[in-house]
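Please look over the model below before reading my comments.

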There are 2 protein chains.
Amino acid sequence: MDNLPKCGANYVPLTPLTFLTRASNSYANRTSIIYANIRFTWRENHERCRRLASSLKSLNIVKNDVVSVLAPNVPALLEMHFAVPMAGAVLNAINTRLDAKNVALILKHSEAKIFFIDYEYIDKAKKAIEILMSDFQMPIPLVVVIDDLDSPAGIRLGELEYEQLPKGVVYSHRGAFLSTSSLILGWEMGTEPVYLWSLSMFHCNGWTFTWGIAARGGTNICIRNTTAQEIYSNIALHKVTHMCAAPIVLSIILEAKPHEQRRITTPVQVLVGGAPPPAPLLEKIERVGFRVVHAYGLTEATGPALICEFQANWNKLPREEQARLKARQGLGILTLADVDVKEFKNMESVPRDGKTAGEICLRGSSIMKGYLKNEKANSEVFKNGWFFTGDMGVIHPDGYLEIKDRSKDVIISGGENISSVEVESAILKHPYVVEASVVAMPHPRWGESPCAFVILRKDSNLKESDVIAHCRKNLPGFMVPKKVQFVEELPKTGTGK
Amino acid sequence: MDNLPKCGANYVPLTPLTFLTRASNSYANRTSIIYANIRFTWRENHERCRRLASSLKSLNIVKNDVVSVLAPNVPALLEMHFAVPMAGAVLNAINTRLDAKNVALILKHSEAKIFFIDYEYIDKAKKAIEILMSDFQMPIPLVVVIDDLDSPAGIRLGELEYEQLPKGVVYSHRGAFLSTSSLILGWEMGTEPVYLWSLSMFHCNGWTFTWGIAARGGTNICIRNTTAQEIYSNIALHKVTHMCAAPIVLSIILEAKPHEQRRITTPVQVLVGGAPPPAPLLEKIERVGFRVVHAYGLTEATGPALICEFQANWNKLPREEQARLKARQGLGILTLADVDVKEFKNMESVPRDGKTAGEICLRGSSIMKGYLKNEKANSEVFKNGWFFTGDMGVIHPDGYLEIKDRSKDVIISGGENISSVEVESAILKHPYVVEASVVAMPHPRWGESPCAFVILRKDSNLKESDVIAHCRKNLPGFMVPKKVQFVEELPKTGTGK
């Protein structure tokens, strides 16, 4: 058994790049990308990616160099998901909602060699580069501006965010390949999907569908802005079959004005993540013509790690009961080697009783290679051959996992992750603030929003609006507390936390 | 980038065994196997496999030991697809249609340590063991008889065979994992399939669905005999959604007697392989309620390597045209790194014109590790990082491959592969035969059947029936020529072939 040949014919490293070459061969003349009036076939798409990869090499990009990009869901960002790894480099897609300072931090941390900037974000990028030079004394990367292929469409709304900045999560080709395969399988996406880019590609590579649509020979409908009008008009125009979204996007769709709405004639499959979809929202959106599958993931898992597979026998249950079952996080995706919920005290698996909580742990080749330049964080999350998600959950008797709480101090607002520690630090910069504690507050639209409890200096007469104004100067908009409550004392644990 | 941790959490070898542990966790109480009145859940299935693996170890089975089995599609054979690799051993599922001598040859070649025998095949196995001892002077393996869990149901008909004995094709866990994932994807098999075992599991591990049904949390309907009655009654009883078959099985279904037929209320998806399905057969079977997808593969590729993905725009074409398109071999499966058709003379890719023929070549981790103890054969099929299938084909302008001829001397009869060289050797053993040449002859039922051209000694008065009777003694029944033609001379190439 040991004398068998291991060669290029029977052992090939796994990479999602094969999805593109295969699409170019198998689906050559099928439309790969639509963006307003622009269209490319899979063959053209492949050719454009090859040229970009070759240009990167001629710009002295070598293996493991980082290529950063600040752009909305335009064709260039999709093409970079193939061209950058094709050149052996590492793609670093930055959240366009971050402020200049956070963008600068990411450029510094990743040591980006090239920085691609969509024309819409030139001002923000310029500021980030200034900070990079002045505050961090770092050399500036080579800057490439991305021209719009058509015309910009308006104001951006509603995004999804699994990332907890400024940790840099590094993926492998193998992980991306496996995760992509699993999500097509888990969502049961057939061939020739027409996929609407309502989810930002910089969120975990659009939960791997940047590669998945190539694997399925589908068509990518790129849009610059995730508005109700854009969503409805593109569904009607291109007969969209699939899209991904955070619950906030479902709300946006439901709040569409009458003139923005179109009748959905064929059901649109929606993979929902970022936060569990509330049952009433699920019921309403399904009535309009969307079919929802709920997934749970995190950047560290190369996107969704659990998917709430629908069971035929749920059809017999009342709608509310179905919605409750579908709002659970579900089952491990196929390419994960294992999923478990472990108790804190002894690291043993919890019983499948839907009650006993523990930390959700994952194992498999789609888990990140690690945080970039952060050994401490790596040693915290990788323990005994498991990746610890920081999320608390239970296992139901039917094997489906459900999150009960997050053990990390993260607030999820409109699908974006907010670190409460980061907001607290910003508030504490105010000279009249003595202590601050930021928690998640339920919010009818955003799911959660940050709420700050603040202890002031005795001599201060700050008002709520002053603290909020201070935060606006120091934080990206979505991180600013919606409410500030002044208190005399903050409850603490025995160790002072 | 190089300092990132590689550990059990983020790098796990790929194996289809994870499909079973996942099924046991995720689909614990769902029915995994039905065989007549016997039923197991995925949890019980997992537990039974673990016990069998542990028994194998206690019988001194160690890594890379070969475990052979001669059995029809009973639960034991399905369970062995997990339990044997779980014990680190190599599963060797033998075609039950082979005669005792061929079974003995396989036991010798694989150096089987244990031989599992279904009670129905005890006589054949006994003979094989006698030959192993007397003719080959080999130690006999430990024999384990498999009792039937229910009662046998009748006469076996129609099987599929990609194997070209006595070459022993060795698979890796990685290849089995990737191939299984690809076939679920290519066939678009959703969750909770109800899968009818009309295809023999010993044919390429049932084209990987021995593992694929676990990956999908489906139910395996095991049957002992592939008759029209068994097929129809199981479809009606268990609401079968999927099955695999050679074209001959489709013929068997269409020839069912009125009392054997049942109305198909929900379409049954059929993956057809072994030979291209003739267009009239496709039309007829689809009218009864079956939906056919055609796949092409070979044992060396761990089952199907190409799949004829249906395109929505074919729906607009006339039925005959659709059938013609669907009878092509199709596109490379997703986990292959590459597929090509290369010209003999220069090894360059043929143009995509549907006319220029070349040899079909494959590359990817689902290709076999190699032929067991056969360096010559390995060096013939693995060349320049490609696996050469021996099949001649063309590429159509839409990227779909179609086979035009086989460059290997193989006759495919009723889905079973017959080596013309092996039949010729058997004929040549007759003292009055001087030369023999065996070719494929079109056959209305079996697709092809062997036809022998024979030159006799001048002093002989042999008749056709004598040669056929001689073959019956020396070959398994399905290999015996249906026609023998006596000739004066055989056409030869310049080198005497």
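This is a predicted model: local features need pLDDT of at least 70, side-chain atom pairs count only at pLDDT 80 or more; totals for chains, interfaces and linings use all residues.

1. Residues are numbered from 1 along each chain as its sequence is written, chains are lettered from A and ligands numbered from 1 in the order in which they are written, and side-chain values use heavy atoms, without hydrogens and water.

2. Chain B superposes on chain A by a rotation of 180° with 0.0 Å of shift along the axis, at an RMSD of 0.1 Å (least squares on C-alpha atoms of residues with pLDDT of at least 70 in both copies). This is the relation of a two-fold axis. In chain B, the C-alpha of B:L185 is nearest the axis, 3.3 Å from it. Both copies use the same surface: 100% of the contact residues of chain B recur in chain A (contact means heavy atoms within 4.5 Å).

3. Chain A is assigned domain 1 (10–408) and domain 2 (411–486), with bounds from an automatic or database domain assignment. Their centres, taken over C-alpha atoms, are 28 Å apart.

4. In chain B, 9 strands form an open sheet of mixed pairing, in the order β2-β1-β9-β8-β10-β11-β12-β13-β14 (strands are DSSP runs of E, at least two residues, and helices runs of H or I, at least four, numbered from the N terminus; strands pair if DSSP finds at least two bridges between them). β2 (38–41) and β14 (331–332) of chain B each have a single partner strand, so one side of each lacks a neighbour in the sheet.
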